[in-house]
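Reader: I am new to this structure. Could you show it and take me through some of its residues?

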Amino acid sequence: GVQYCSSDYVNILNENHILISMSDKASPYDNSIIESFFRTLKVEEVYNKKRLQSSLGYIPPEEFESIIKYSKIKKSEVRQLV
C-alpha cells in the first residue's frame, strides 16, 4: 500500500476534496469489511463465471446461458436439460 502514501497521490486526493481512508500501520481491521466485499465480488463475479456448476449439467453459467439464448429451447424445457 505504499503507493497510497505517496505525496503525489495524497495531493491529488486533497485537491479533489477526497477523504483519505487508511488504517494504522499493521492494523487490518479498518478495511476488513470492504476487503471482504471485494473478495466476494471477485469470487462470485469473476471466477464463478468459469466454475462448473453441477446444477447446470457441469458447464459454466456463461456457457449455459449462451446455449439457452442461441438455441430454440423454450425456457420451460430448460429444467429437463439439467
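Reader: Is H17 buried, partly exposed or exposed?
Author: This is a predicted model, in which local features need pLDDT of at least 70, side-chain atom pairs count only at pLDDT 80 or more, and totals for chains, interfaces and linings use all residues. Residues are numbered from 1 along each chain as its sequence is written, and side-chain values use heavy atoms, without hydrogens and water. Buried means under 20% relative accessible area, exposed over 50%, partly exposed in between (1.4 Å probe, protein chains only). H17 has a relative accessible area of 73%, so H17 is exposed.

Reader: Where does H17 lie?
Author: Helices (H or I, at least four residues) are DSSP runs, numbered from the N terminus. H17 lies in the loop between helix 1 (7–15) and helix 2.

Reader: What is phi of Y58?
Author: Most residues other than glycine have a negative phi. Y58 lies in the loop between helix 2 and helix 3 (61–70). Y58 has a positive phi, near 60°.

Reader: How many aromatic pairs does the structure hold, and which rings have their centres 5.2 Å apart?
Author: Rings of Phe, Tyr and Trp (its six-membered ring) pair if their centres lie within 6.5 Å; planes under 30 degrees apart count as stacked, over 60 as edge-to-face and the rest as tilted. The structure holds 1 aromatic pair. Its planes stand at 70°, so it is edge-to-face, and the rings with centres 5.2 Å apart are those of F37 and F38.

Reader: Is F37 buried, partly exposed or exposed?
Author: F37 sits in helix 2 (residues 32–47). Its relative accessibility is 44%, so F37 counts as partly exposed.

Note on methods
Helix = DSSP H or I, 4+ residues; strand = E, 2+ residues; numbered from the N terminus.
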